[in-house]
Every structure is written in C-alpha cells, then in structure tokens.
Amino acid sequence: MSLFANKPAVGQPLPELDIKLVDGTSLTVGTPSDKYTLLVVYRGKHCPRCKRYLNKLESMLPDWQAAGMRVISLSADTQERAAADVEEFGWTFPVGYDLSEEDMRRLGLYITEPLSPDEAPRRFAEPGIFCLRPDGAIQIVCLSNGPAARPDLEELLDGMNFNIKNDRPTRGTVE
C-alpha cells in the first residue's frame, strides 16, 4: 500500500468525525453545517509550537468568525491534558480531545510515537488544517509531519475570505 493512499480528497466530505469537547459537549464535523469550518489538529499539551499557534488563532478568532467560519481544535490528548491547556491559555474556541488513531488515519494525518512518556502518554497526531465548506467538503487541507510546518493563519484567513466571497471552487482535485 502506498504511503499516500490515505491522502484526504479535497472537494469531498471530510470523514464524519464526532468530537468530544473539553467543556463536556460534543460536535460533529464532516456533515452539513450553516458555516464554513476551520478544524485545527494539534499535537497536544507537550508541544510549545502548538500553543503558540493556537494562541495566535485565539487572537484572530474574531476575524475568523467575521469571515463566517467556526473554529475548532482537536488533539489526541486526554480530557485532563486538553482542559489544562484551555485553562492556562484561555482558548475560547471549542477544544476537542481523545482523537483516536483510527480517526487520525481516516483524516490522513501523520502519527507519531512519543519519544518518552514525559512527552506524551500515547501516540499523537501531527498538525493538520482542514477548511470545510458548509456542505462538509474539504476546501483546503494542509498536513504536516512535524510542528514547524503549518500554514500562516493570516494568509489562510485571507485565502478563505477570498474563497467565501467569490464562491471559489475547491482546487487540486485532479489526480
């Protein structure tokens, strides 16, 4: 099997994913919604780059919301670890936890074995960004095998504003 066999199919619905949220509620992505969605998969509590990225996302949250997008983050962390970050950093967007390895694979994410139990208690997903259309289809996807390679949030927002305003089709669908 090719290493690229599980690449997400842009223009197609994201695999339906039920996300447990730190606040005790849940939500589903990959199904129709009344808004565009930005789903940010992050490595977890152990990652300082993830925290900087999510802190920047928090500072830009009003701009994402003004664009008509809901923002969600998700990791494989336990509820306790994810809740500790929410409390420490004051993130107000929904923060999901307990992303399973099966769902990581369904999303095409890279999966990492922790270097030690001090890094993370179990395997975790490397960063992934999914911009979803209201019908649940993937408009933009960016997958990384490490924390240093992620899209610039200002550029991504600018691009999504353009896509939404001009009802641009999904690009990169030809294989």
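Two strands count as paired if DSSP finds at least two bridges between them. In this predicted model, seven strands form an open sheet in the order S2-S1-S5-S4-S3-S8-S9, and the pairing is mixed. The points below go through the sheet and its surroundings.

**The sheet as a whole**

- The edges are strand S2 (26-29) and strand S9 (138-143), each of which pairs on one side only.
- From one strand to the next, the twist averages 30 degrees.
- Helix H1 packs on the sheet and touches S3, S4 and S8. The direction of H1 makes about 160 degrees with that of S4.

**Strand S3**

- Strand S3 covers residues 36-41, and six of its six residues are buried, so S3 is largely enclosed by the rest of the structure. Buried here means under 20% relative accessible area.
- In a regular strand the side chains alternate between the two faces of the sheet.
- In S3, Tyr 36, Leu 38 and Val 40 lie on one side, while Thr 37, Leu 39 and Val 41 lie on the other. Both faces are covered, and these residues are all buried.
- S3 pairs with strand S4 (residues 69-74) in the parallel sense, over six bridges. Within S4, Leu 74 is the bridge partner of Val 41.
- S3 also pairs with strand S8 (residues 128-132), here in the antiparallel sense and over five bridges.
- On the S8 side, Val 41 stands opposite Gly 128, and Cys 131 is the bridge partner of Leu 38.

**From S4 to S5**

- S4 pairs with strand S5 (residues 95-97) in the parallel sense, over two bridges.
- Leu 74, the S4 bridge partner of Val 41, stands opposite Gly 96 in S5.

- S8 is mostly covered, with five of its five residues buried.
- Gly 128, Phe 130 and Leu 132 point one way from S8, whereas Ile 129 and Cys 131 point the other way; all are buried.
- S8 and S9 run antiparallel and are joined by five bridges. Leu 132 stands opposite Ile 138 in S9.
- The two strands S8 and S9 form a hairpin with five residues between them. In the turn, Gly 136 has a positive phi of about 95 degrees.

- Helix H1 (residues 48-66) belongs, with S3 and S4, to a right-handed β-α-β unit.
- Two packed helices are described by the angle between their axes and the distance between the axes.
- For H1 and helix H4 (residues 153-165), the axes come within 10 Å and cross at roughly 30 degrees. Angles under 35 degrees count as roughly parallel, so H1 is roughly parallel to H4.
- The crossing of H1 past H4 is right-handed.
- On the H1 side, the contact is made by Tyr 53, Lys 56, Leu 57, Met 60, Asp 63 and Trp 64. On the H4 side, Leu 153, Glu 154, Leu 156, Leu 157 and Met 160 take part.

- Asn 163 is found in helix H4. With 12% relative accessibility, Asn 163 counts as buried.
- Asp 85 has its place in helix H2 (residues 79-89). Its relative accessibility is 0%, so Asp 85 counts as buried.
- Ser 26 is exposed, with a relative accessible area of 56%; exposed means over 50%.
- Ser 26 and Val 95 are 69 residues apart in sequence, and their C-alpha atoms are 9.7 Å apart in space.

Key:
Residues are numbered from 1 along each chain as its sequence is written. This is a predicted model: local features need pLDDT of at least 70, side-chain atom pairs count only at pLDDT 80 or more; totals for chains, interfaces and linings use all residues. Side-chain values use heavy atoms; hydrogens and water are left out. Buried means under 20% relative accessible area, exposed over 50%, partly exposed in between (1.4 Å probe, protein chains only). Helices (H or I, at least four residues) and strands (E, at least two) are DSSP runs, numbered from the N terminus. A crossover is right-handed if, with the strands pointing away from the viewer, the path from the first strand over the helix to the second runs clockwise. Axes are lines fitted to C-alpha atoms, for helices over the stretch in contact, and angles run from 0 to 180 degrees between N-to-C directions. Angles under 35 degrees count as roughly parallel, over 145 as roughly antiparallel, 65 to 115 as roughly perpendicular and the rest as oblique. A crossing is left-handed if the near helix is turned anticlockwise from the far one by less than a right angle, and right-handed if clockwise. Contact means heavy atoms within 4.5 Å.
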